[in-house]
Amino acid sequence: AVVLLVAGLSIPVVKGYWCDSVVSEERRVYIYPNSSEAQIDSLLHDVISDEKAVSRVKRLLSAYEFDASKRVGAYRLRAGMTVREVALKLARGSQTPVRVTFNNVRTLDQLAERISQQLCFSAAALTSLLYNDSVCAGLGFTRATLPALFLPDTYEFYWTVKPEAFLQKLSKEYERYWQGKREQQARALGLTPVEVATLASIVEEETNKLSEMGTVAGLYMNRLRKGMPLQADPTVKFAWGDFSLRRILNVHLAIESPYNTYRVTGLPPGPIRIASKQAIDAVLNHKPNGYYYMCAKEDFSGYHNFATTLAEHRRNAARYQRELNRRGIR
């Protein structure tokens with residue numbers, strides 16, 4: 001059909017199909033499910049400025065029996081591509097993988113929303129799997145421990161990947177990340193990879209200062225080894241479902257929850273956020289210290305005062321409480 005299309009055409013016209021560049025700069029285009037002919041036309045006009053070239057691409061697509069419903073995907077069109085190259089790429093469904101990034105995510109709902117903005121499936125399609133007990137079990141997790149599966153980074157997927165395949169790939173990435181040295185480091189600490197991720201999630205909620213993460217991790221390891229409650233404020237916020245709490249009061253500490261580490265000894269049932277690789281490595285590589293207590297610095301710098309004894313901690317806490325009162329923070 002394509003041969004018949006160009007047979008008998010003049011050399012300049014044939015050149016316009018096979019030789020002339022019609023894409024001036026690299027672009028990524030998306031063919032969505034249920035894309036109409038008008039939408040495909042708009043897509044082509046957005047990439048190709050020459051009306052005659054657009055018409056030629058459409059003519060070739062017709063000759064190739066292009067069906068948009070069967071060619072949903074993301075396509076990278078390189079600068080310098082010809083009419084024929086553009087038409088072939090779309091007609092053959094030669095998708096280009098997209099880079100999917102997620103970081104600084106607390107909840108599975110936030111994760112699903114972030115991912116759905118970068119891939120073709122909806123947030124609801126992903127969350128229906130994330131909150132499915134049998135799906136979690138198939139991946140080797142429970143609903144409580146599933147956040148440990150997700151390791152913030154940049155990954156490559158085809159835009160049309162299904163949510164199930166998305167999870168399977170991240171499961172393989174999880175296994176690759178933990179196998180070998182990191183798994184051995186976790187075992188040396190007496191923790192499983194999920195427990196490391198759980199502790200890392202607490203550490204990351206306690207401080208966003210990378211230089212402090214190892215110290216905080218060491219403090220909580222000291223408490224775990226001694227059988228002391230972690231008494232980590234972020235776990236109380238998680239139990240209440242409110243990370244905006246700036247001041248933890250007795251009423252907050254009274255909540256009955258397996259995540260309330262003021263009332264329950266040991267680690268909570270699972271991560272309280274999706275922990276970063278930096279926080280995980282801070283736990284695995286922390287240097288031992290003698291600290292059992294920490295309190296935010298009264299200068300609100302985001303750093304902490306650490307203490308070995310309760311008396312020292314109470315002095316640190318009193319300074320911080322005075323500053324909270326002075327600033328009217330309740």
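Asp67 counts as partly exposed, because its relative accessibility is 31%, and in this predicted model the residue lies in the loop between helix H4 (51–63) and strand E2 (73–77). The C-alpha atom of Asp67 is separated by 9.9 Å from that of Gly93, although the two residues are 26 residues apart along the chain. The loop between H4 and E2 also holds Glu65, which counts as exposed at 68% relative accessibility.

**Backbone and exposure of selected residues**

Glu65 has a phi near 55°, a positive value in a residue other than glycine. Phe300 likewise carries a positive phi, near 60°, and is not a glycine either. As background, most residues other than glycine have a negative phi. Phe300 belongs to the loop between strand E5 (293–296) and strand E6 (304–307), and Phe300 is partly exposed, with a relative accessible area of 27%.

| Residue | Relative accessible area | Class |
|---|---|---|
| Asp67 | 31% | partly exposed |
| Glu65 | 68% | exposed |
| Phe300 | 27% | partly exposed |
| Phe157 | 4% | buried |

**Phe157 and its surroundings**

Phe157 is found in strand E4, and with a relative accessible area of 4% it falls under the 20% limit, so the residue counts as buried. Leaving aside neighbours within four places in sequence, Phe157 is in contact with Pro97, Val98, Val100, Leu119, Phe166, Lys169 and Leu170. Gln231, by contrast, is 74 residues from Phe157 in sequence and 40 Å from it in space, taken C-alpha to C-alpha.

**The nonpolar cores**

The largest nonpolar core has 63 residues, and those with the most contacts inside this core are Ile115, Leu119, Leu146, Phe150, Phe166, Tyr220 and Ile280. Among the elements that give two or more residues to this core are the strands E3 (98–102) and E4 (153–157), along with several helices, including H6 (108–116), H9 (163–178), H12 (210–226) and H15 (277–284). The largest share of the core, seven residues, comes from H11, a helix that spans residues 193–206. Two of the residues with the most contacts inside the core, Leu119 and Phe166, are also in contact with Phe157.

Tyr220, another of the residues with the most contacts inside the core, touches Leu199, Ile202, Glu206, Leu230, Ala232 and Met294, not counting residues up to four places away in sequence. A second, separate core of 25 residues includes Val22, Val23, Val57 and Tyr75.

**The protein as a whole**

The protein has 16 helices and six strands. Its radius of gyration is 28 Å, well over the 20 Å that the globule rule gives for 330 residues, so the protein is more spread out than a compact globule. Taken along the principal axes, the C-alpha atoms fill a box of roughly 95 × 45 × 35 Å. Of the 330 residues, 46% count as buried, and among the contacts with a separation of 6 or more, 63% are accounted for by residues 24 or more positions apart.

As for charge, the protein has 44 positive and 33 negative side chains, and the centres of the two sets lie 4 Å apart.

Key:
Residues are numbered from 1 along each chain as its sequence is written. This is a predicted model: local features need pLDDT of at least 70, side-chain atom pairs count only at pLDDT 80 or more; totals for chains, interfaces and linings use all residues. Side-chain values use heavy atoms; hydrogens and water are left out. A nonpolar core is a set of buried Ala, Val, Leu, Ile, Met, Phe, Trp, Tyr and Cys residues joined through side-chain atoms within 4.5 Å. Buried means under 20% relative accessible area, exposed over 50%, partly exposed in between (1.4 Å probe, protein chains only). Helices (H or I, at least four residues) and strands (E, at least two) are DSSP runs, numbered from the N terminus. Contact means heavy atoms within 4.5 Å. The radius of gyration is taken over C-alpha atoms; the globule rule is 2.2 Å times the number of residues to the power 0.38. Lys and Arg count as positive and Asp and Glu as negative; His and the chain ends are not counted. The place of a charge is taken as NZ of Lys, CZ of Arg, CG of Asp or CD of Glu.
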